[in-house]
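Please keep the sequence and the structure at hand while reading.

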Amino acid sequence: MKKRVVITGLGVVSPNGVGIPDFKEAIKSGSSGIRFFPELRELKFSCQLGGQPEISEEKKREYLSELQLRNFNSSGILYGVIAGMDALKDAGLNVTNKNEEPLWELGIIFGSGTSGVEKFREAIYKIDDKNVRRLGSTSVAQTMTSGVSAYLGGLIGAGNKVTANSSACATGTEALLMGFEHIANGKATYMLCGSTSDYGPYIWGGFDAMKVTTYKYNDMPQNVAGPMSANASGFVPGSGAGAYLLESLESAQKRGATIYAEVLGGAINNGGQRGEGSMTAPNSIAIQKCITDALTDAGITASEIEYINGHLTATIKDTDEIKNWSSALNRKDNDFPYINSLKGMTGHCLAASGSIEIVSAILQLHEGFIFPNVNCGNLHPEIASIIASEKVVTKLQEIPLQTIAKASFGFGDVNACVIFRKNKYI
């Protein structure tokens, strides 16, 4: 019999709040972390806005030593370390000393997209093709995909599975489901999961070239049309990290830990880039199957979903996502669940989007509120034909929630959906 899995710790590094208290206050008030970057204007980006967490030098030194920070230039690893260590602390777990055995029952699955680009650029700029050996001794650890999980593993002393996943925008949601399965199958007691994404033009430039980012709001970052808005014209790129400490229910109850939510189940699939699916466009059949498979795995019916934390990106694909949810759940109009998207406040944090959004979803579930959809007063007419406008809240709503869904969809036609339930059912 599989073990039940709960979430007992949260951590976040977001453009609109670093740490759970600041982040929670920001999402409840609808505060945006999107701002103008003169650097992007100088580089002639069409979108000159971005979402970057503000991390002081003092803050860095709360998590990494002076030795670790020497020649350190990986924002993604930094964000992941802060979020991950905060989640561990929030769960009430301690790291091991260097002279102690590793924590054999604690593992890590922490993903990223394109890792350590700024560090690699810095290293390459110092050499030419005939002096490749001069990349520097710190370049490998800061540019490998598993860099963030390796840093966290060493700081904590994790002795179980320590690895990284990478599935574009679905990375954070996939990491959670991988950790969930590992505990459910009795292979670990604790799994620290999450995802991270670097900041900077070398990460964001490709999306600007693809013309999927907005160019209309460079001089008014607070007014960027949000997801599901009729005025939406593309996303704002962002960065950051989200983390969650997963634990067996038995262990959490024994420790008397705070239980934010139970992970009921979920699903991961791929559209195979068939039909309407491609490297950059989702296959609707696969998305709907991912959602229905998640419901089946969780052992619930579609009617039990009260709230959806959407992937919604403020692009032309928002209407397709709503249609897919409606078809998969067979619900529309007033029967459609409440739905919102964090991206109106943070931008699209790429590989970190799923994890930061999961943290926001769990906070809403645990405390009974729904944060506002920012700059979405003018709902897209196609979406308005499917969802009653009151289900797309534009002001903070205090609403008790019991069962919610979160899904993420990414480049490569990858999909992940997870179902959470409030701990009153435990």
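## Cysteines

Cysteine 376 has a relative accessible area of 4% and is buried. This is a predicted model. The closest cysteine sulfur to that of cysteine 376 belongs to cysteine 349, and at 18 Å the two are too far apart for a bond. A disulfide requires the two sulfur atoms to lie within 2.5 Å.

How many disulfides does the structure hold? The number is zero. Cysteine 193 is likewise in no disulfide, and its nearest cysteine sulfur, in cysteine 417, is 17 Å away. Cysteine 193 counts as buried because its relative accessibility is 0%.

## Phenylalanine 37 and tryptophan 204

Six aromatic pairs turn up when the whole structure is searched. One of them joins phenylalanine 37 to tryptophan 204, with an edge-to-face arrangement, a centre-to-centre distance of 5.8 Å and 80° between the planes. Where do the two residues lie? Phenylalanine 37 is in the loop between strand 3 (34–36) and helix 2 (38–42), while tryptophan 204 is in helix 10 (residues 201–209), so the pair ties together parts that are 167 residues apart in sequence.

Are phenylalanine 37 and tryptophan 204 buried or exposed? Both are buried. Together with Tyr199, Phe37 and Trp204 make up one aromatic cluster.

## Phenylalanine 207 and phenylalanine 411

The ring centres of phenylalanine 207 and phenylalanine 411 are 6.0 Å apart, and the pair is tilted because the planes stand at 40°. A tilted pair falls between the stacked limit, under 30 degrees, and the edge-to-face limit, over 60. Phenylalanine 207 is in helix 10, and phenylalanine 411 is in the loop between strand 12 (403–410) and strand 13 (414–421); the pair therefore ties together parts that are 204 residues apart in sequence.

How do the two residues stand in accessibility, buried or partly exposed? Phenylalanine 207 has a relative accessibility of 18% and so counts as buried. Phenylalanine 411, at 32%, counts as partly exposed. The cut-off that decides this is 20% relative accessible area, under which a residue is buried.

How values were computed
Residues numbered from 1 in each chain as written. Predicted model: local features only at pLDDT ≥ 70, side-chain atom pairs only at ≥ 80, totals over all residues. Heavy atoms only, no water. Buried < 20%, exposed > 50% of the residue type's maximum accessible area, 1.4 Å probe, protein only. Phe/Tyr/Trp six-rings, centres within 6.5 Å; stacked < 30°, edge-to-face > 60°. Helix = DSSP H or I, 4+ residues; strand = E, 2+ residues; numbered from the N terminus.
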